[in-house]
Amino acid sequence: MFHVKLPGHDAMARRADEHVLPTRVLLPRRVVDRPARQVAKRLLMALLVLAATVLIVWLDRGGYHDAADGKVDLLDAVYYATVTLSTTGYGDITPYGDAARLTNVLLVTPLRVLFLIILVGTTLEVLTERTREDFRLKRWRTNLRDHTVVVGFGTKGRSAIQTLCATGLKKEQIVIVDPATKVIEIANAEGFVGVVGDATRSEVLLRAELQKARQIIIATQRDDTAVLVALTARQLNRGAKIVAAVREEENAPLLRQSGADAVITSASAAGRLLGLSVLSPSAGTVMEDLIQQGSGLDLVERPVIKAEVGKSVRETDDLVVSVLRGHRLLGYDDPAASPLQLTDRVITIVRVSNESPLDGPHPGTPRPLD
């Protein structure tokens, strides 16, 4: 029987659990301006059209007749412009001069049409915004498959996503689940789809289309949360690859029993790196370089190319550290690792290439994992 060891003071995790908001999917917005700002812009445009109409009537006030007193002052001009733009007019103020009538045909009438377009356009946009979002969401669900679900958009989740994107995974193929609305809004701003909600609940993961996902990354703040997420995710998707991070090493076996294929212990890994840096600063620098994706040295898994078939591990151009043959992981010094076979995959240490993306890839250039 395993017991989950909890961190003593995890304020961030407690705040996330205490403020769980209603579940919803947030797609990256295509419109830069906020709705309130758009309405304000259109209102300003309508006021400018009204002001232009008032100015036209006032400058040509001699060609208008007021049924009340016969004269048209500034207030009458504002009144006439308002009722003319918003309605067909009441007939109490009318243009009787030829110039005034021509001005109404060429200027006032187009301004009336423009005014109505602004008002109707704003109304229609507000009414159709929800319909458009529902359509986008439905199309997104239909097209989404074999994607990656990342639970938690903190430091660990961000680093994992950066590594995936560096190997060629598109942002459209990543869905982030987090209980904080502000976090999902940040993810949306970076181009990712986000689901607001508690990932330990199956309905939340279903909104992320986890049942169709290819791989799942669990980067929560608490180990007990990671265990519950792994259990729920494995129940919903039996074939997906689940990788999870835990703080305490003694919680790793429980997470594996919960369905995780690989478990990374963040606290012990950082401790080992600290100890290695004390014993050998140069070795610590090399390890840190390997951890940081896209700079210096990178750890890459790639297929064996035809030119390497039949050769030993040491005869390849890249520094091979392990060979993946079927479900067996063979060390570079394992006699069974050589000669290399066409169906093998090798894990190598390569230096990141600075060549243009239009150039042909080198055998050791980082590429997406199959």
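Modeller: In this predicted model, a salt bridge is a side-chain nitrogen of Lys or Arg within 4 Å of a carboxyl oxygen of Asp or Glu.

Biologist: By this rule, what does the count of salt bridges come to?

Modeller: The pair Glu209 and Lys212 gives an example, since their side chains meet with N to O at 3.4 Å, and the cut-off is 4 Å. Counted by this rule, the salt bridges come to 10.

Biologist: Which parts of the chain does the salt bridge of Glu190 and Arg158 link?

Modeller: The side chains of Glu190 and Arg158 meet at 3.1 Å, N to O, and both residues are partly exposed, with relative accessible areas of 32% for Glu190 and 29% for Arg158. The two are 32 residues apart, so that the pair links distant parts of the chain: Glu190 lies in the loop between α6 (181-189) and β6, and Arg158 in helix α5 (residues 155-166).

Biologist: Is Glu209 buried or exposed?

Modeller: Glu209 is linked with Arg141 and Lys212 in a network of salt bridges, and within this network Lys212 is partly exposed, with a relative accessible area of 27%. Buried means under 20% relative accessible area; because Glu209 has a relative accessibility of 9%, it counts as buried.

Biologist: Which element gives the most residues to the largest nonpolar core?

Modeller: The largest nonpolar core has 31 residues, of which Val149, Val177, Val195, Ile216, Ile218 and Leu255 touch the most other members. The elements that give two or more residues to this core include β4 (148-151), β5 (174-178), β7 (215-218) and α8 (223-236). With 5 residues, the element that gives the most to this core is α8.

Biologist: Which residues does Val149 touch, not counting residues up to four places away in sequence?

Modeller: Val149 is one of the residues that touch the most other members of the largest nonpolar core. In soluble globular proteins, nonpolar side chains tend to be buried together. With residues up to four places away in sequence left out, Val149 touches Val175, Val177, Ala208, Leu210, Ala213, Gln215, Ile216 and Ile217.

Biologist: Which residues make the nonpolar surface patch of about 290 Å²?

Modeller: One of them, Leu106, has its place in helix α4 (residues 98-143). Exposed means over 50% relative accessible area, and Leu106 is exposed because its relative accessible area is 54%. The patch of about 290 Å² is made by Leu102, Leu106 and Leu107.

Biologist: Which element has the lowest mean pLDDT?

Modeller: The mean pLDDT of the chain is 78, and 79% of its residues reach 70 or more. Over residues 5-21 pLDDT stays under 50, although the model has 24 contacts beyond four places in sequence for this stretch, and over residues 355-370 the pLDDT is also below 50, with 26 contacts beyond near neighbours in sequence. Where pLDDT is low, the predicted coordinates should not be read in detail. Among the elements of the chain, β4 has the highest mean pLDDT (95), and the lowest (42) belongs to helix α1 (residues 11-18).

Key: Residues are numbered from 1 along each chain as its sequence is written. This is a predicted model: local features need pLDDT of at least 70, side-chain atom pairs count only at pLDDT 80 or more; totals for chains, interfaces and linings use all residues. Side-chain values use heavy atoms; hydrogens and water are left out. A nonpolar core is a set of buried Ala, Val, Leu, Ile, Met, Phe, Trp, Tyr and Cys residues joined through side-chain atoms within 4.5 Å. Buried means under 20% relative accessible area, exposed over 50%, partly exposed in between (1.4 Å probe, protein chains only). Helices (H or I, at least four residues) and strands (E, at least two) are DSSP runs, numbered from the N terminus. Contact means heavy atoms within 4.5 Å. Patches are made of residues with over 30% relative accessible area and no salt bridge: like charges are joined within 9 Å, nonpolar side chains (Val, Leu, Ile, Met, Phe, Trp, Tyr) within 5 Å. Accessible areas come from the Shrake-Rupley method with a 1.4 Å probe; for residues, only the protein chains shown count as cover. pLDDT is the predictor's confidence in each residue, from 0 to 100.
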